[in-house]
Amino acid sequence: MKIGVRNIRKEFDRYPALHDVSLDIRSGELIALLGPSGSGKTTLLRLIAGLEFPTAGRILFGDEDASNRSVQERNVGFVFQHYALFKHMTVEGNIGFGLSVRERASRPSSAEIRRRVQELLDLIQLPDVAKRYPMQLSGGQRQRVALARALAIEPKVLLLDEPFGALDAKVRKDLRRWLRELHERTGHTTVFVTHDQDEAVELADRVVVMSQGRIEQVGSADDIYDRPQSPFVFSFIGQSNELPVEVRGGEIAFGGVPLGRTDARDGSWRMFVRPHDFEVLAPSARGLSGQIALTRRVGGARMAEFNLADPARRIEVELPAHAPSEAGTPITVMPKRWQLFA
Ligand code: ATP
């Protein structure tokens, strides 16, 4: 099922949580809504679910206007971080719940429900837990059961709000891989909310980066890392340095030090550079110079920070293997790759 979000505005007591948001979600796509707290991710997800209604704009399911349809009519499955399982019901009871409360005409027989529940337990790779209660499961197992419950009603669309938010790092990682595989098997159109960029890029076909009630960029992981379209996306995704630079006749300069050439017009610009996009030069070379203040490891890479005097700025660069990294070591770098924003 493809979903169209058309010029959505959502106000809460006149406070705009979303401004003119438009988005096309393809059928079968796995989409991440990524952004800082308060950027409007959950609001957008709830509008797609039918748990909220837009102040203006439309939500299309397929080619039909679903803006005024209820949650049930939209046939969406959802899992929220704090949307707990029913404690007093077994796993079987939880997963079958959505089917057992259907109106008589469309309610499957109890034998049929049991069969469907078992199928779902196999799908979430917990075939033997039907008779257990939620308290007898681990956090990651409970989250998988919550997903099975959402899938039981055979939704056309699966909506997940920080589905792995409360779990520890190792379980989150396993569940991500598992969800990606599940998605490949079932092919449900899936939208999930996260503020974890690693989770977004690892799982999603496309990432929707949001800030302050607006979509900043929609794209693949490569698009948002390598071709960010705004200063917000550049600094929100991955590490970045920002330098206030001047452009004169195609020459970029920072505090009088020439840094490279550009087609950009004369004037003041914001130059953004990733730590691995600096070249580390001999300390005597012309470039951005200082003394290493501190180093740290990020995954396999060694990062060094140093201060520029004029204008004052802290720069973070990735050091090449074997480069000295003691505090106080002189360092000179030049940007190899950058983006300028007005
Ligand atoms: P988080 O990551 O913290 O969950 P989010 O990106 O999901 O944030 P939303 O929950 O969509 O952000 O909230 C967007 C804005 O709308 C926030 O400023 C929030 O305070 C406001 N908001 C959301 N729901 C309501 C509501 N029911 N009543 C009033 N304001 C709301």
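The model is predicted: local features need pLDDT of at least 70, side-chain atom pairs count only at pLDDT 80 or more, and totals for chains, interfaces and linings use all residues. Residue numbers start from 1 along each chain as its sequence is written. Helices (H or I, at least four residues) and strands (E, at least two) are DSSP runs, numbered from the N terminus. Two strands pair if DSSP finds at least two bridges between them.

**The mixed sheet**

- An open sheet is built from 6 strands in the order E6-E7-E8-E3-E9-E10, and its pairing is mixed.
- Its edge strands are E6 (76-80) and E10 (214-219), each of which pairs on one side only.
- From one strand to the next, the twist averages 15°; angles run from 0 to 180 degrees between N-to-C directions, and axes are lines fitted to C-alpha atoms, for helices over the stretch in contact.
- Strand E7 (residues 157-161) pairs with strand E8 (residues 189-194) in the parallel sense over 5 bridges, and here Val157 stands opposite Thr189 in E8.
- Helix H5 (residues 139-152) lies across E6 and E7 and runs at about 160° to E6.

- A residue is buried if 20 or more other C-beta atoms lie within 10 Å of its own, exposed if 12 or fewer, and partly exposed in between, with C-beta atoms placed from the backbone.
- Ile31 counts as buried because it has 23 C-beta neighbours inside 10 Å.
- Ala32 is buried because 26 other C-beta atoms are within 10 Å.
- Two residues are in contact if their C-beta atoms, placed from the backbone, lie within 7 Å.
- Leaving out residues up to four places away in sequence, Ile31 touches Ile25, Thr190, Val191, Ala204, Asp205, Arg206 and Val208.
- With residues up to four places away in sequence again not counted, Ala32 touches Phe192, Thr194, Ala200, Leu203, Ala204, Val207 and Val208.
- Ile31 and Gly219 are 188 residues apart in sequence and 9.7 Å apart in space, C-alpha to C-alpha.
- Ala32 and Thr262 are 230 residues apart along the chain, and their C-alpha atoms are separated by 34 Å.

**Around the ligand**

- The residues around the ligand include Phe12, Tyr15, Ala17, Lys41 and His195; a residue is near a molecule or strand if its C-beta atom, placed from the backbone, lies within 6 Å of it.
- Strand E2 (15-25) and helix H1 (41-49) are the elements that give two or more residues to this shell.
- H1 supplies the largest share, 3 residues.
- The shell divides into 3 nonpolar, 8 polar and 1 charged residues, where Ala, Val, Leu, Ile, Met, Phe, Trp, Tyr, Cys and Pro count as nonpolar, Asp, Glu, Lys and Arg as charged, and the others, Gly among them, as polar.

**The antiparallel sheet**

- Another open sheet has 5 strands in the order E15-E19-E16-E17-E18, with antiparallel pairing.
- Strands E15 (278-281) and E18 (313-319) stand at the edges with a single partner strand each, so one side of each is left without a neighbour in the sheet.
- The twist in this sheet averages 45° from one strand to the next.
- Strand E16 (residues 288-298) and strand E19 (residues 330-335) run antiparallel and are joined by 4 bridges; the bridge partner of Ser289 in E19 is Thr332.

**A hairpin**

- Strands E12 (residues 251-254) and E13 (residues 257-261) pair in the antiparallel sense over 4 bridges, with Ala253 opposite Pro258 in E13.
- The hairpin of E12 and E13 has 2 residues between the strands, and Gly255 takes a positive phi near 55° there.
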